[in-house]
Each structure stands twice: as structure tokens, then as C-alpha cells.
Amino acid sequence: MSARYEESIEIARQLIQFDTSNDGRDVIETPAAEYVMDLLSEVGLQPEMTGPTPGRPSVVVRIPGKKREVEVDPVTGERRGAVVIHGHLDVVPAVAEDWSVDPFAAVIKDGMLWGRGAVDMKNMDAMILTVVREIARTGYVPPRDLIIAMFADEEAGGKLGAHWMVDNRPDVFEGATHAISEVGGYSTYVAGKRVYLLQTGEKSLTWYKFIAEGTAGHGSQVNNNNAVAKLANVMDAIGKEEWPLTLTDTVTELLAGVSELSGLPFDPDDEETLNALVDALGPAKAYVGATLRTGANLTSVNGGYMANVIPQTATGTVDVRAIPGTESEVAARIDELAASVRREQLHHSPGFEAPTTGSFVDAMTGALQELDPEASVLPYLLSAGTDNKTLGRLGIQGYGFSPVRLPEGFDFPAMFHGVDERVPVDSLPFGTAVLRNFIERL
């Protein structure tokens with residue numbers, strides 16, 4: 001463990017101890033945001049806390065770099081300007097009785113830091129803050145402007161956080177061309193070889209609400225206009241839909257790389273072969289396996305209030321994650337399957353694929369391999385979503401780069417929103433060192 005970056009552990013512990021559960025309260029991120037403000041102000045920076053309400057703030061600060069203008073590579077066309085390094089301060093709620101430790105005590109045991117947010121994503125927040133504090137203390141000037149952001153509300157779709165910032169404070173991101181955040185840069189093993197998965201794209205995210213309307217009545221009567229039955233038919237049809245196998249360029253590159261490392265065959269038209277390659281990724285298969293096709297999961301059903309009363313309405317929600325580039329086709333198919341009920345789109349964020357080559361990717365890959373020379377780095381498509389989707393509305397290319405080195409077999413994807421969320425303690429100083437190296441390569 002690098003003593004130089006042990007501060008990241010204490011900052012992560014302090015952040016976890018703020019219960020920033022995104023559970024509908026009016027004040028969620030404020031105490032943690034104030035702590036972040038103090039950490040940044042203490043080293044001479046001038047951060048800003050801003051947001052739609054006093055209880056839901058984001059924190060931002062810009063660190064000037066040597067090059068302030070956007071440059072364009074004459075060969076590749078890659079635009080290179082300011083870099084947004086962002087995290088989020090909210091977490092999903094934790095049911096304390098389900099945990100073996102207090103989810104907000106930030107317990108350290110068995111070489112792990114335990115607590116809600118230890119993985120999603122107060123570990124990365126702490127690594128960012130540690131690097132930024134060192135930069136400010138030493139007077140180091142990065143190659144390019146750094147825009148540090150700690151957003152609110154990411155776990156509920158970002159309406160009060162990144163979305164609000166992009167809509168109301170786009171000036172904060174002036175000149176930015178790239179961004180890094182969570183759910184990428186973590187290690188897994190393929191055939192005994194350590195591999196870091198660099199997140200270079202995300203599936204789209206759409207939350208639907210379906211409203212079935214019928215005739216209310218007594219449960220003893222014949223009713224051919226039953227709202228619950230209508231909703232059940234629609235939900236059943238969506239749940240049974242077999243979405244086609246669709247490999248994006250990112251997924252193809254990933255599976256080809258796994259094939260090379262493992263010796264397993266790669267046939268993009270043979271699903272059995274593809275599943276074997278996904279399995280070779282160990283615990284990471286939970287994310288990667290969901291990127292071979294669109295997914296639509298039923299998430300809630302509500303209707304009725306007594307066993308002998310047929311309700312007039314029934315509602316259900318569905319979480320749809322479409323392969324990037326297929327969003328319109330998927331939406332049209334959902335409309336067909338749900339034609340008999342009324343539907344509302346609760347939230348939508350488009351999918352994207354960022355380039356898997358270029359100087360920015362080289363900076364991330366080089367930083368990882370300098371700190372871990374024997375490892376490989378492969379791109380992957382995230383089945384979930386991050387605030388990078390929102391920054392993409394400003395033309396900012398987003399990547400998942402929250403570097404952590406993990407022991408073989410550690411089920412990292414299961415830690416996201418899971419019970420007993422935890423991360424190896426020594427992964428924080430390691431990741432902090434990688435982030436600093438990355439910044440130096442911009």
C-alpha cells in the first residue's frame with residue numbers, strides 16, 4: 001500500500017459515514033457536500049456548491065491546466081480539451097438488518113472497507129479528492145484543465161444533479177471534451193491473467209410506466225374489461241420478449257480480447273461460444289453478459305385495494321436497457337407490445353459508445369499498466385448507466401475509469417447496490433496512484 005495516498009482511505013470512511021441515501025428526503029447530499037467543500041477549500045481551491053435546492057447540491061471546481069484551448073489531432077480528429085473527473089455523493093438506501101455491519105459505520109475488517117457507497121461510489125470520490133488535494137498542495141499544473149464535480153442525485157437518474165447542471169450551468173463544463181467516472185478500470189481475471197475492464201460505452205436507459213384502465217366492479221361479477229388482466233398481459237409479453245443478439249464494436253473487441261487471453265474460440269454468430277467467453281470473465285460476467293442484447297425487466301406492479309374489488313386502473317413499470325444505436329427500434333417494439341394500455345416514459349438516457357483508441361484511452365491504459373505492468377486492459381460496454389450519459393449532451397465523451405485492483409474471484413459487480421458492500425482497503429491508494437499517473441499523461 002502506498003503511504004503517499006493513504007489519505008484516500010480516511011476520506012472514503014468519512015464520506016460513507018454521511019447517510020446520503022437517495023430516499024426522497026429534502027436534504028440528502030448537503031452534509032457530504034459541505035465536507036467536500038471543506039476538503040477542497042483547505043488546500044486553497046475555490047469550489048462552488050450549487051443545485052436546484054439547498055438540500056440537493058453538487059460541488060464543482062476547475063483546476064487550470066497548461067493548455068486551456070481545445071486542440072484537434074490532425075490525423076485522428078480527436079478533440080482534446082478540459083477533462084471532467086466526476087463522482088456522485090448520493091447512495092441507494094441500505095436495509096441495516098440485512099447487513100452484517102452497520103452500513104454507515106465505514107467498518108474496516110478482513111482487509112476490506114465496508115459500507116454503503118464503498119463501491120458506488122465514495123471510494124472513487126475519495127480517490128479523486130486525494131489526488132486533487134495533492135495537486136493543490138504541491139502547486140502541480142496538469143497538462144489540461146481539470147473540472148472536478150461531485151454530483152447529486154445520480155442514483156435516481158440525475159435529474160437534480162448532472163441533468164440540472166447541464167441544463168442550468170453548462171458554463172461549468174466549457175471547453176470539456178472528455179470525462180471519467182465510475183464502473184470501469186476495475187480488474188478481473190481471464191485464465192489466471194489479470195485484466196482491467198475500461199468502460200467505453202453504456203446501454204441506453206428508459207423507464208416506462210404502463211397504465212391499464214378498465215371497469216371497476218365486484219369480484220363476483222363477469223368483467224371483460226379488467227384493468228389488472230390488461231396490465232398482466234402486457235407485462236407478460238414484455239417479460240417474455242426475446243431480444244435479438246446484437247454485438248456492438250466495443251463488445252466485439254472485448255470478446256476477441258478474451259478469446260486471445262483464454263484460447264477459447266470466438267464466433268460472433270455462435271451464442272454458445274459467446275457465452276463461454278463471457279463466463280471466462282469471472283464475476284465481471286454479470287455486467288458483460290447483459291450487453292449482448294437489449295434487456296427489459298419488469299420492476300413493479302400495482303393495482304387494487306381489496307381481494308373482492310376489481311380496480312379501475314392498474315400500473316406497472318419496466319426498466320429497458322437497449323443496445324446503443326437500437327433505441328428507436330426497441331421503443332417501437334415496446335409500443336407494439338403495450339398497445340392495449342397507456343404508457344408514460346418516466347426517464348430516458350441514450351446509450352453511447354466512445355472510441356476505444358486515441359490519446360485519451362492511451363492515458364488510461366498507460367496509467368494502469370505502469371502501476372500493474374503484467375496486466376491487460378480491454379474495453380467493455382456497461383449494461384447500467386452513469387452521469388456520463390448526461391455529459392454526453394454537451395458533446396463530452398465519457399469513460400468509466402475508477403481504477404481498483406481486486407483479488408481473483410472477488411464479486412465486484414455484486415457490490416453495486418448489494419448487501420455488505422465492500423472494497424479492498426489497499427485498492428484505494430492503488431487507484432489514487434493510477435489516477436495521478438493518468439492526469440500526468442493527459
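Into which domains is the protein chain divided? Domain 1 covers 6-189 + 353-440, and domain 2 covers 203-349. These bounds come from an automatic or database domain assignment. This is a predicted model, where local features need pLDDT of at least 70, side-chain atom pairs count only at pLDDT 80 or more, and totals for chains, interfaces and linings use all residues. Residues are numbered from 1 along each chain as its sequence is written, and side-chain values use heavy atoms, leaving out hydrogens and water.

**Placement and contact**
- The centres of domain 1 and domain 2, taken over C-alpha atoms, lie 29 Å apart.
- Domain 1 brings 25 residues to the contact, and domain 2 brings 27. Contact means heavy atoms within 4.5 Å.

**Buried area**
- The two domains bury about 2,100 Å² between them. Carbon and sulfur atoms hold 65% of it.
- Buried area is the accessible area (1.4 Å probe) that two parts lose on being put together, summed over both.
- Glu-353, Leu-381 and Ser-383 supply 29% of the area that domain 1 buries against domain 2, more than any other three residues.

- Zero salt bridges join domain 1 and domain 2. A salt bridge needs a side-chain nitrogen of Lys or Arg within 4 Å of a carboxyl oxygen of Asp or Glu.

**The side of domain 1 that touches domain 2**
- β10 (186-190), β19 (376-382) and α12 (412-415) each supply at least two residues. β19 gives the largest share, six residues.
- Helices (H or I, at least four residues) and strands (E, at least two) are DSSP runs, numbered from the N terminus.
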